[in-house]
Protein chains: 2
Amino acid sequence: MTKKNAFYAQSGGVTAVINSSACGVIETARKHSDAIGTVYAGRNGIIGALTEELIDTNQESDATIAALRSTPSGAFGSCRFKLKSLEENQREYERLIEVFKAHNIGYFFYNGGGDSADTCYKVSQLSEKMGFPVQAIHVPKTVDNDLPITDNCPGFGSVAKYIAVSTLEASYDVRSMAATSTKIFVIEVMGRHAGWIAAAGALVEDYGIPVVTLFPEIEFDQDKFLASVDEKVKEHGYCTIVVSEGCHWPDGKFLAEQGTRDSFGHAQLGGAAPVVANIIKDALGYKYHWAVADYLQRAARHLASASDVEQAYALGKAAVEKALEGKNSIMPTVVRDSSRPYQWHIGEAPLSEVANVEKMMPMDFITEDGFGITDKCKEYLYPLIKGEAYPTYDDNGMPEYVTLKNTVIEKKLPPFEL
Amino acid sequence: MTKKNAFYAQSGGVTAVINSSACGVIETARKHSDAIGTVYAGRNGIIGALTEELIDTNQESDATIAALRSTPSGAFGSCRFKLKSLEENQREYERLIEVFKAHNIGYFFYNGGGDSADTCYKVSQLSEKMGFPVQAIHVPKTVDNDLPITDNCPGFGSVAKYIAVSTLEASYDVRSMAATSTKIFVIEVMGRHAGWIAAAGALVEDYGIPVVTLFPEIEFDQDKFLASVDEKVKEHGYCTIVVSEGCHWPDGKFLAEQGTRDSFGHAQLGGAAPVVANIIKDALGYKYHWAVADYLQRAARHLASASDVEQAYALGKAAVEKALEGKNSIMPTVVRDSSRPYQWHIGEAPLSEVANVEKMMPMDFITEDGFGITDKCKEYLYPLIKGEAYPTYDDNGMPEYVTLKNTVIEKKLPPFEL
């Protein structure tokens, strides 16, 4: 086997555990130094490959790489940059392969969601045609949990745990205050197209909390919603509402785009939570509080799910191992064997079946009234938020997250215009 | 010593650790069953005393009471209900004492902020005059950290830890994304009058994060603010902004009251964070994300400060012990002996010096430019966020928070109109 270098890049929105996958890739590659030379990481994702900004991960100690397992965010930088289709912009793909060739890169590990799976697939195909075959393996990552075939996606479990726990805590708070003050608590969560994260908030129902959940899958029915909230306040004295940022009116307009204007007439400031809170206040008169978790939810490594951290690592590790077995154009997956006890193993899916396929939340995961989740959904979710995997903390009381040196190697090619 | 019962109530906004104080009060009282009979808790705070809704805490097992130490919110219910002055409404104070007399309550433990310290003080004075002397001890609690004499207030340390850690995590996230996407992250924190909580967010500066903090103590200077943000983005590629909900314009108007109106012309939806984010977007064009933590911050028992949990308990315990020593009309306090290593002991303050005094953040805690914190402030803050005190989690991956039975005893007095 000729010794080749590897390239690893992080793509799209980052998560609490994407660095755990990076850790799995790099540690496993280091264990196979007979077959894999240096792991280069793309500075700011795939852009780093196009501009030939390759980070030499050998400049980082074993201890630093190990610390990636408990550091949130994308340690090498990520990017929102979707390569155009091969027809539209073949030169970008060709450039990638030229860079790989210039640095003797035979393994391409791309850590991202659906778009990056597609890029990965094309690199594999084109590199073969161009006579410098690169083994392209996709490492799944997305808080949106929308990749096909795999049971779940690394990143989702930790967001789900954070939202479930935070919703429970804030619900206890409003329950304490409801007699004389706040009766409504609204939390807005991520998920523009699918209600996976909102579903995690709905788990608090199992812990005695009256909760109404608004999914992007269900058109917002204001009257039905208000009736449901009012019923819960009348019975329990308070109500929690979990609203997905993707919740929308029957005409498709997001709740967050309610046409709000500031004093200068500028368009809305965003946020479905304040819109929902005001709808309730106007119709029912209840005092409210609202929160928008935004990045806090996907960055919350302090409350990561142990299942999630472990799977993120295992998928990074499997990517390298499968590459060394000669696999190409695949994505390692999580295959669930049983929910209770939670058992899973690593499988694999061909990228041709992953690219451009979006997995939606099954409709039998949402209750008939559209405001809650079914037992089937709960059985799916709980294993994913199971276990705690705390970072260590320093003497100040702050988490010990690592920042890499990110040393870029010397370029060999002429510059490339993005 | 004649055996008397005790009354305990939670007041105002609840915290991640107020139940730890309740635990300290009840466990210590149980250890002195020779001197203290039953601890009754007010259902929904002081209102429960006025309406004679007294919860019998003896209905809860030792294990349940112990679990209060790691349960956020107010387990007996709290209330936003300020007793009027003695002159305006003496009948409310007289009613309290009648209820205490009817149930042989000789100890009054009131767990709250400045207002409740004042109530506690008056109950002590009036009960003496009415010939049924009640020993009134105030147990400090407030995320606002604004009680005088005590070095800090239980509840604050845990919010501070949550905000410091969450701000760090979200800053790592935006740092990953900044090359092609979000360059600005704005987090809004509590603190209408004082910038203590915002100061905790500013700690991330020590961890390499470019951060601009907006305190309620400093009038908002838009030009200076934008210049500071722009400088940081130009140097680091991104910038984090911590904004206190109390941040205001020179004319005193809160940033959150920017005159925002929805499509129906209703007044603003609230939130200083989206206002700040839009000011930056309009002037500098940077892509932003924003979060409003709201109740999530004060309920986040999952990331409580170990110092805070321990002090909350110790102050509850000390309240009972001091009562048994014959003390009256006092508040146990935290006295700091040293910051590094962090050492403290319990002291006490007369309620006459606590009631109606608000402790502001010292101006030498804020940097000269008004956008950061000084070393002196950091030395004050770090000990308060030191250590982790995790709750236990169940098999689903959810925290094991306790919900009490809250059994109310039979009333002995005629009803009372609030």
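Residues are numbered from 1 along each chain as its sequence is written, and chains are lettered from A in the order in which they are written. In this predicted model, local features need pLDDT of at least 70, side-chain atom pairs count only at pLDDT 80 or more, totals for chains, interfaces and linings use all residues, and side-chain values use heavy atoms, with hydrogens and water left out.

**View 1. The interface of chain A and chain B.** Contact (heavy atoms within 4.5 Å) joins 83 residues of chain A to 83 residues of chain B. The two chains bury about 6,800 Å² between them, 57% of it on carbon and sulfur atoms; buried area is the accessible area (1.4 Å probe) that two parts lose on being put together, summed over both. Six salt bridges are counted between chain A and chain B, a salt bridge being a side-chain nitrogen of Lys or Arg within 4 Å of a carboxyl oxygen of Asp or Glu. In a salt bridge between B:Asp173 and A:Arg298, the N to O distance is 2.7 Å. Helix H6 (156-177), strand E6 (184-189), helix H9 (272-284), strand E9 (288-292) and helix H10 (295-299) of chain A each supply at least two residues of the side that touches chain B. Helices (H or I, at least four residues) and strands (E, at least two) are DSSP runs, numbered from the N terminus. H6(A) gives the most to this side of chain A, with 14 residues.

**View 2. Aromatic pairs in chain A.** Rings of Phe, Tyr and Trp (its six-membered ring) pair if their centres lie within 6.5 Å; planes under 30 degrees apart count as stacked, over 60 as edge-to-face and the rest as tilted. The count over all chains is 32 aromatic pairs. A:Phe100 and A:Phe108 form a tilted pair, 5.4 Å centre to centre with 45° between the planes. Both A:Phe100 and A:Phe108 are buried, where buried means under 20% relative accessible area, exposed over 50% and partly exposed in between (1.4 Å probe, protein chains only). Ring pairs link A:Phe7, A:Phe100, A:Phe108 and A:Tyr110 into a cluster.

View 3. A:Thr119 lies in helix H5 (residues 114-129) of chain A and is buried, with a relative accessible area of 4%. Apart from neighbours within four places in sequence, A:Thr119 is in contact with A:Leu83, A:Tyr93 and A:Tyr110. In helix H5 of chain A, the residues A:Lys122 and A:Asp118 are four residues apart and therefore separated by about one helical turn. Their side chains meet in a salt bridge at 2.8 Å, N to O, and both A:Lys122 and A:Asp118 are buried.

View 4. The closest N and O atoms of A:Asp62 and A:Arg30 are 2.6 Å apart in a salt bridge. A:Asp62 lies in helix H3 (residues 62-67) and A:Arg30 in helix H1 (residues 18-31), so the pair ties together parts that are 32 residues apart in sequence. A:Asp62 is exposed, with a relative accessible area of 56%, whereas A:Arg30 is partly exposed at 25%.

View 5. B:Lys317 and B:Glu321 form a salt bridge, with their closest N and O atoms 3.3 Å apart. The two stand four residues apart in helix H11 (residues 306-324), and so about one helical turn separates them. B:Lys317 is partly exposed at 33% relative accessibility, and B:Glu321 is partly exposed at 28%.
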